[in-house]
Amino acid sequence: MPNTNLRSQCHTFFSATPPRSAAQDFTEMAAWCEAHDIQHDSYGEGKLIQDFENKVAALLGFEAARFVITGTMTQTVALRIACQDKNNRLVALHPTAHVLLHESSNYQLLDHFTPLKVGAPYRPWTVDDLKAIPDRLGAALYELPMREIGGQLPTWEELDAIKAYCHEQNIHLHLDGARLWEAAAGYDKPLNSVAAGFDSAYVSFYKGIGGLGGAMLLGSRDFIDRSSEWMKRMGGNVYQRSPYVVAAAMRLDEKLARMPAYLQRTRDLYQLLTRYPGWQVNPQQPHCNMLHIYFPVNLDTANTARDQLAKDHGVWLFGRVSDAALPQQCYIELYVGEALLALSDEQVGTILGQFQALLATS
Ligand SMILES: Cc1ncc(COP(=O)(O)O)c(C=O)c1O
């Protein structure tokens, strides 16, 4: 049976938020629109979208914001404009940056900018990593938290040092804030303190916030106006963005308020995971409400055990498992959200125990 079928037959979920049907989403969205007298936008103009842009700009402490259909379009355009401003095409990015790994070389094929890797692949980059680059840079992108390495964050002091150095060196510092909401909870700081010192930022509305898609670019008014023109050029000027904005706007406040609870649940999970000394977690202690768990088996064994857990117990533990560097090792990403909050420690312990037993026999 394909995994999507198996997943849909499960009653218990571990990572993120239990799946919702399209009908559930649209019903909730319709009710919210009725309650708030929402009208569609027209090419991104209208009260709904402008209010939402102003709200997020104020939350993060930026002058202006633009709702955009994807983060992929947002960030490459933002870096393009930043490089134009500095008259320098070089952008420093961590080797695991989304732009480098998952965007089909858009920066290159669309002639946006020239990337330069900064730092080591398995840890957040530091100001010393940046100083070690002898070239003059136009921009640098920092992802908070760094998803591909288990949601690691630099220390607050390290982040401050990077902000100060970029400012001093006239390097445009851009924030990949796909999971900024989670990072702020991890630092226990307000969103505007985390974003302060960045020249521009992108945030996402379909990961922790649970929208249908969509992103926002934040920066100075002039930067946003020029970026918006470029995104229009690239086909980003969607006629009505209201479905995406509604799905995001109706959940933002509630989800932001839940982030500290997700972090606490992550701390609980770390405690429960100490029962499995053969499994390893990355990072060693939670930085925010996500983590990687490394299992001492290959990928096929982990997939077989996951599917068996679903068949035997109706529990869906994870979606994707990835190969690790060693042959008998693989890892999963867990996002700690509503799904884990809905389970007691005892239930979590039972599920992990069942999975451990299946790993041993798969
Ligand atoms: C860290 C990071 N940056 C950027 C993106 C791109 O966002 P979008 O899917 O909206 O293009 C993602 C998406 O997963 C991401 O995880």
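Colleague: In which sense do β12 and strand β13 pair, and over how many bridges?

Modeller: Start with the general idea. Strands of a sheet pair through backbone hydrogen bonds, either parallel or antiparallel. Here β12 and β13 (residues 330–335) pair in the antiparallel sense over 3 bridges. Two strands count as paired if DSSP finds at least two bridges between them. Strands are DSSP runs of E, at least two residues; helices are runs of H or I, at least four residues; both are numbered from the N terminus.

Colleague: What should I know about the model before reading on?

Modeller: It is a predicted model: local features need pLDDT of at least 70, side-chain atom pairs count only at pLDDT 80 or more, and totals for chains, interfaces and linings use all residues. Residues are numbered from 1 along each chain as its sequence is written, and side-chain values use heavy atoms, with hydrogens and water left out.

Colleague: Which residue of β13 is the bridge partner of Ser322?

Modeller: Tyr331.

Colleague: What is the strand order in that sheet?

Modeller: The order is β9-β10-β13-β12, an open sheet of 4 strands with antiparallel pairing. β9 and β12 (321–323) are the edge strands, each pairing on one side only. From one strand to the next, the twist averages 30 degrees. Angles run from 0 to 180 degrees between N-to-C directions, and axes are lines fitted to C-alpha atoms, for helices over the stretch in contact.

Colleague: Which helix lies across β9, β10 and β13?

Modeller: Helix α13 (residues 252–273), running at about 20 degrees to β10.

Colleague: How many strands form the sheet that includes β2 and β8?

Modeller: There are 7, in the order β2-β8-β7-β6-β5-β3-β4. This sheet is open, and its pairing is mixed. β2 (64–68) and β4 (114–117) stand at the edges with a single partner strand each, so one side of each lacks a neighbour in the sheet. The twist averages 20 degrees from one strand to the next.

Colleague: Where can I look for a parallel pair?

Modeller: Look at β3 (residues 90–93) and β5 (residues 139–143), which run parallel and are joined by 2 bridges. Ala92 stands opposite Ala140 in β5. Helix α11 (residues 221–233) packs on this sheet, touching β2, β6 (172–177), β7 (200–204) and β8 (215–219). Contact here means heavy atoms within 4.5 Å. The direction of α11 makes about 140 degrees with that of β8.

Colleague: How many residues surround the ligand?

Modeller: 13, and the closest are Gly71, Thr72, Asp176, Arg179 and Tyr206. A residue is near a molecule if one of its heavy atoms lies within 4 Å of it. Helix α4 (residues 71–86) gives the largest share of the shell, 3 residues.

Colleague: Which side chains have an N or O atom 2.6 Å or 2.9 Å from a ligand oxygen?

Modeller: Thr72 has one at 2.6 Å, and Arg179 has one at 2.9 Å. For the side chain of Tyr202, the distance is 3.2 Å. A polar contact is a pair of N or O atoms within 3.5 Å. Taken alone, the ligand exposes 390 Å², and the protein buries 89% of that. These areas come from the Shrake-Rupley method with a 1.4 Å probe.

Notes. A polar contact is a pair of N or O atoms within 3.5 Å; within protein, one must be able to donate a hydrogen and the other to accept it, and residues adjacent in sequence count only if both atoms are side-chain atoms.
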